[in-house]
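Subject: Structure for you to look at

Hello,

Here is the structure I said I would pass on. My notes on it follow below.

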Amino acid sequence: MALLKYEEIAESLRIRMASGEFPPGATLPSGRDLAEQWQVARATVVKAMDVLRNDGVVEARQGAGFVVTETAIGRPAGNRKSGTARVTGGMPFTRIGDPERTIPPAHIATALGLPDGTHALRRARLMQLPDGTPHSYVEAWFPPDVVDKAPRLAQRAPIAEGTTRYITRQTERTPAEGVDVTTARLVTEEEARHLRLDTPAAVAVVLHIAYDQEGRPLACEEGVTPGSLWEQTDTYPM
């Protein structure tokens, strides 16, 4: 499906950010310059910037225009419903270790539809509250057929345009359905170390699986949140 003009402008700026042309802290071209470059009305550029701001990629600074965010923003595992944005559902995070290809736990391999012994790519991050304390520990897993076409997943640096957009562009596979499974258990020693918990401690675990338009797994994430921080609210008609 063809992109609308404002989406095309936003995607172009994401690519330029990802390439290093506009690194964190850099100021983007002015709305006037972008409107002239793309031969569009200023209102179209404003819509493009709204898209980037909602994704947590840029922020407006008085007197400076739009600046590429210096702190990566991501979302805890799950809650990827259509229409949600990183800026409203996300929080700062730090990368834990380097991405690595390894054999995933059995339940992750099952979620990704991988035969026993097949390697997948693991990326780990620690989501943080505004004061810098840990909120949740998240491991994202990607199957080989995705990683082979999206090599930046194997790099430590954040993906400015967002992992989902990057995978979609590289593989031409679009996330069409998400499944979230929430369970509770005791924290593991490694999780406790990242989350600064004394053991034993109860944690909520959200396993998120993203499927493409043909029902094939694109990725899965497992987020672990201390029981004291876990809260889920649903509003529905009765």
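Leaving aside neighbours within four places in sequence, which residues is Leu52 in contact with? The contacts of Leu52 are Ala10, Leu13, Arg14, Met17, Leu28, Val57 and Val58. Please keep in mind throughout that this is a predicted model.

Leu52 belongs to the largest nonpolar core, which has 20 residues. Leu52 is also among the residues with the most contacts inside that core, together with Leu13, Met17, Phe22, Leu28 and Met49. Helices H1, H2 and H3 each supply at least two residues of this core. A second, separate core has twelve residues, including Leu121, Leu153, Ile167 and Ala219.

The whole chain

The protein has eight helices and nine strands. A compact globule of 238 residues would have a radius of gyration near 18 Å, and the 19 Å of the protein agrees with that. Along the principal axes, the C-alpha atoms fill a box of roughly 60 × 45 × 40 Å. Of the 238 residues, 43% count as buried. Among contacts with a separation of 6 or more, 57% are between residues 24 or more positions apart. The protein exposes about 13000 Å², and 51% of this comes from carbon and sulfur atoms.

H1 has 14 residues, which should span 20 Å at 1.5 Å a residue; its end C-alpha atoms are 20 Å apart, in agreement. The buried residues of H1 are Tyr6, Ile9, Ala10, Glu11, Leu13, Arg14, Arg16 and Met17. Note that this list takes in Glu11, Arg14 and Arg16 as well as Leu13 and Met17. The cover over the buried residues of H1 includes H2, H3, S1, S2 and H7. After H1 comes Gly20, with a positive phi near 100°.

H3 runs over residues 42-54, 13 residues in all, and reaches 18 Å from its first C-alpha to its last, close to the 18 Å expected. Its buried residues are Thr44, Val45, Ala48, Met49, Val51 and Leu52. Seen down the axis of H3, these fall within an arc of 150°, so they line one face of the helix. An α-helix has 3.6 residues a turn, so residues three or four places apart point the same way. The cover over the buried residues of H3 includes helix H1 (5-18), helix H2 (31-38), strand S1 (58-61), strand S2 (65-68) and helix H7 (163-171). H3 is followed by Gly56, where phi is positive, near 75°.

Helix H7

In H7, the residues Tyr166, Ile167 and Thr171 are buried. They cover an arc of only 105° around the axis, which puts them on the same side of H7. Ile167 is also one of the residues of the second core. What covers the buried residues of H7 includes strand S6 (134-142), helix H6 (144-147) and strand S9 (217-226). H7 is followed by Glu172, with a positive phi near 60°.

Backbone points to check by eye

Gln39 lies in the loop between H2 and H3. Phi of Gln39 is near 55°, a positive value in a residue other than glycine. At 70% relative accessibility, Gln39 counts as exposed.

The loop between H8 and S8 holds Arg196. Arg196 is not a glycine either, yet has a positive phi of about 60°. Its relative accessibility is 60%, so Arg196 counts as exposed. Pro200 is found in that loop too, between helix H8 (189-195) and strand S8 (202-212). A cis peptide bond joins Thr199 and Pro200, with omega about -5°.

Trp230

Where is Trp230 placed? Trp230 is in the segment after S9. With a relative accessible area of 33%, Trp230 is partly exposed. Not counting residues up to four places away in sequence, Trp230 touches Thr182, Ala204, Val206 and Thr225. Trp230 and Gly162 are 68 residues apart in sequence, and their C-alpha atoms are 25 Å apart in space.

Regards

Note on methods:
Residues numbered from 1 in each chain as written. Predicted model: local features only at pLDDT ≥ 70, side-chain atom pairs only at ≥ 80, totals over all residues. Heavy atoms only, no water. Helix = DSSP H or I, 4+ residues; strand = E, 2+ residues; numbered from the N terminus. Expected span 1.5 Å × (residues − 1). Buried < 20%, exposed > 50% of the residue type's maximum accessible area, 1.4 Å probe, protein only. Arc of directions from axis to C-beta. Contact = heavy atoms within 4.5 Å. Core = buried A, V, L, I, M, F, W, Y, C linked by side-chain atoms within 4.5 Å. Rg over C-alpha atoms; globule rule 2.2 N^0.38 Å. Areas by Shrake-Rupley, 256 points an atom, 1.4 Å probe, with all protein chains shown as cover.
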